[in-house]
Amino acid sequence: FEEKMAYEGQFDIENWYDSLSDATFETKFLPLTLAEARVIRVAYRYQYCKDRQMTTAESEVLGQLRDKIQTAMDPKEEYFIRLSSRSPKDAMILSEMSDVPDLKSYSQEVVRDVSAKLKELSITKDRLEQRLKEVDDELIQEEGLASLMTDVQRNEIATVMMNSMKKFLKANSADQVVTLLTSSERVSVDLYRYMDMKKHQVETEEQAKSHCICKIVLRKWVEVNDEDEYRCFFYNGKLTGISQYNYYIFVPSLTQEMQREKIQQEIQRFFNSIQSRLPTHLGVLDVHVDPKTFEVRLIELNPFNEGVSHGTGGSLFHWTNDRKLLTEGPLTMRFVEEISPKVNKSLFVLMDTDRLIQVLFQNLINGNPVLNQEKKNEKSSQKGKCLIF
């Protein structure tokens with residue numbers, strides 16, 4: 001266990017940020033004490049495990065943590081939140097809900113983004129009515145109005161939906177940060193791990209209030225779309241694998257050989273520029289490649305799944321079947337080569353997109369586009385309010 005923690009600790013962001021700050025996004029660090037970590041876990045377990053409520057003293061600790069976070073935040077900036085180890089991407093979603101009837105469980109951003117994409121795809125009232133005549137009634141009965149879309153359109157909508165949902169993790173207030181931290185199982189599990197590691201170093205409650213066990217990390221918010229993110233594997237200081245990060249979506253530009261070669265070339269160039277500054281000779285890089293300039297930026301570092309570590313996803317590589325390739329090379333790039341109707345349909349069910357499309361299409365057929373309704377309701381929307389999806 002200690003060996004595993006020592007190895008994985010190298011990838012905690014504060015342990016590599018200083019040496020790689022020029023290659024990644026602007027970041028602030030706040031020390032999280034043992035007492036604060038305990039309170040975050042109490043709040044999480046009360047909400048999701050029906051454990052006890054916080055005591056008055058614990059509520060005070062949480063309030064002080066909220067004040068500390070707010071002081072560190074620039075009110076003009078928006079932030080991506082994480083711990084030293086990883087982000088609360090499984091947390092409650094921060095967003096304003098749609099004001100449109102039948103869509104109140106969806107965020108305004110998702111409704112707007114998907115509606116805008118439907119317009120871009122020229123999915124109109126006339127086109128839908130034509131598709132209703134073309135598509136088998138049994139299929140419509142089984143899959144709803146989403147069955148009127150082609151596989152290409154489903155892929156486009158799934159991509160937009162996933163990118164839009166990532167924005168739910170954007171925080172610009174301490175209240176939002178605390179909501180994310182106290183509603184994430186990932187955070188709760190990681191804090192338990194940090195607490196277990198440090199428990200022998202703290203003997204009194206006073207020490208717990210000042211003893212730092214990890215960091216709360218405030219990263220300047222940068223839009224990173226799934227289709228522009230890559231998971232990169234390195235072993236013995238050599239880049240061995242590059243995979244499309246989100247392997248559920250098809251990215252048309254990656255079918256162009258020149259595009260893939262340019263991306264691979266720039267990632268290799270980037271890796272060469274930072275290799276000597278990496279904290280270890282084996283690991284996994286997540287990087288963003290700007291689709292226009294091809295500039296590469298480091299998002300995070302993750303452990304290579306070998307021996308003591310087994311937590312990093314392989315994306316389009318298989319940790320067992322591709323072991324030789326990932327440890328010896330040659331450098332291989334993998335991407336989703338074609339649209340998978342089965343994956344698209346599964347994504348629609350997973351993200352509850354079928355129901356969203358049903359309402360949006362029904363409104364289009366009735367001549368009442370939801371995008372117009374959202375714009376009308378914008379003025380009455382409560383700004384700055386943190387709601388939960």
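Of the 389 residues of the protein chain, 50% count as buried. The model is a predicted one. Its secondary structure comes to 16 helices and nine strands. Among contacts with a separation of 6 or more, 74% are between residues 24 or more positions apart.

**Nonpolar cores**

- The largest nonpolar core has 68 residues. Val 114, Tyr 230, Ile 267, Leu 285, Val 287 and Phe 361 have the most contacts inside this core.
- Helix H15 (residues 353-365) supplies the largest share of the core, six residues.
- In soluble globular proteins, nonpolar side chains tend to be buried together.
- Tyr 230 touches Ile 267, Leu 285 and Val 287, which are among its contacts beyond four places in sequence. Its other contacts of this kind include Ile 242, Ser 243, Gln 244, Tyr 245, Leu 254, Ile 263, Asp 286, Val 289 and Met 333.

**Aromatic pairs and cluster**

- The structure holds nine aromatic pairs.
- Tyr 17 and Phe 29 form an edge-to-face pair, because their ring centres are 5.4 Å apart and their planes stand at 70 degrees, over the 60 degrees required.
- This pair links distant parts of the chain, with Tyr 17 in helix H2 (residues 17-20) and Phe 29 in strand E1 (residues 27-33), 12 residues apart.
- Tyr 17 counts as buried at 12% relative accessibility, whereas Phe 29 counts as partly exposed at 26%.
- Phe 234 and Phe 271 have ring centres 5.5 Å apart and planes at 45 degrees, so this pair is tilted.
- Phe 234 belongs to strand E5 (residues 229-235) and Phe 271 to helix H12 (residues 257-274), so the pair ties together parts that are 37 residues apart in sequence.
- Phe 234 is buried, at 1% relative accessibility, and Phe 271 is buried too, with a relative accessible area of 2%.
- One aromatic cluster is formed by Phe 233, Tyr 235, Phe 304, Phe 317 and Trp 319.

**Arginines over rings**

- Arg 154 lies over the face of Phe 348, at 5.0 Å from the ring centre.
- Arg 193 lies over the face of Tyr 194, and here the distance from the ring centre is 4.8 Å.

**Helix H5**

- Helix H5 (residues 108-120) has 13 residues, and at 1.5 Å a residue these should span 18 Å. The end C-alpha atoms of H5 are 18 Å apart, which agrees.
- The buried residues in H5 are Gln 108, Val 110, Val 111, Val 114, Ser 115, Lys 117 and Leu 118. Val 114 is also one of the residues with the most contacts inside the largest nonpolar core.
- After H5 comes Ser 122, whose phi is positive, near 60 degrees.

**Asn 155 in helix H8**

- Asn 155 is found in helix H8 (residues 151-166).
- Asn 155 counts as buried because its relative accessibility is 5%, where the cut-off is under 20%.
- Leaving out residues up to four places away in sequence, Asn 155 touches Ile 249, Phe 250, Ile 339 and Asn 344.

- Lys 198 lies in helix H10 (residues 185-198).
- At 22% relative accessibility, Lys 198 counts as partly exposed.
- Beyond its neighbours within four places in sequence, Lys 198 is in contact with His 211, Cys 212 and Ile 213.
- The C-alpha atoms of Lys 198 and His 211 are separated by 8.8 Å, and the two residues are 13 residues apart along the chain.

**Cysteines**

- The count of disulfides comes to zero.
- Cys 212 is in no disulfide, and the nearest cysteine sulfur, that of Cys 214, is 6.6 Å away. A disulfide needs the sulfur atoms within 2.5 Å.
- Cys 212, one of the contacts of Lys 198, counts as partly exposed at 28% relative accessibility.
- Cys 49 is partly exposed as well, with a relative accessible area of 34%.

Technical notes: Residues are numbered from 1 along each chain as its sequence is written. This is a predicted model: local features need pLDDT of at least 70, side-chain atom pairs count only at pLDDT 80 or more; totals for chains, interfaces and linings use all residues. Side-chain values use heavy atoms; hydrogens and water are left out. Helices (H or I, at least four residues) and strands (E, at least two) are DSSP runs, numbered from the N terminus. Buried means under 20% relative accessible area, exposed over 50%, partly exposed in between (1.4 Å probe, protein chains only). Contact means heavy atoms within 4.5 Å. A nonpolar core is a set of buried Ala, Val, Leu, Ile, Met, Phe, Trp, Tyr and Cys residues joined through side-chain atoms within 4.5 Å. Rings of Phe, Tyr and Trp (its six-membered ring) pair if their centres lie within 6.5 Å; planes under 30 degrees apart count as stacked, over 60 as edge-to-face and the rest as tilted. A charge sits over a ring if NZ of Lys or CZ of Arg is within 6 Å of the ring centre and within 35 degrees of the ring normal. The expected span of a helix is 1.5 Å times one less than its number of residues.
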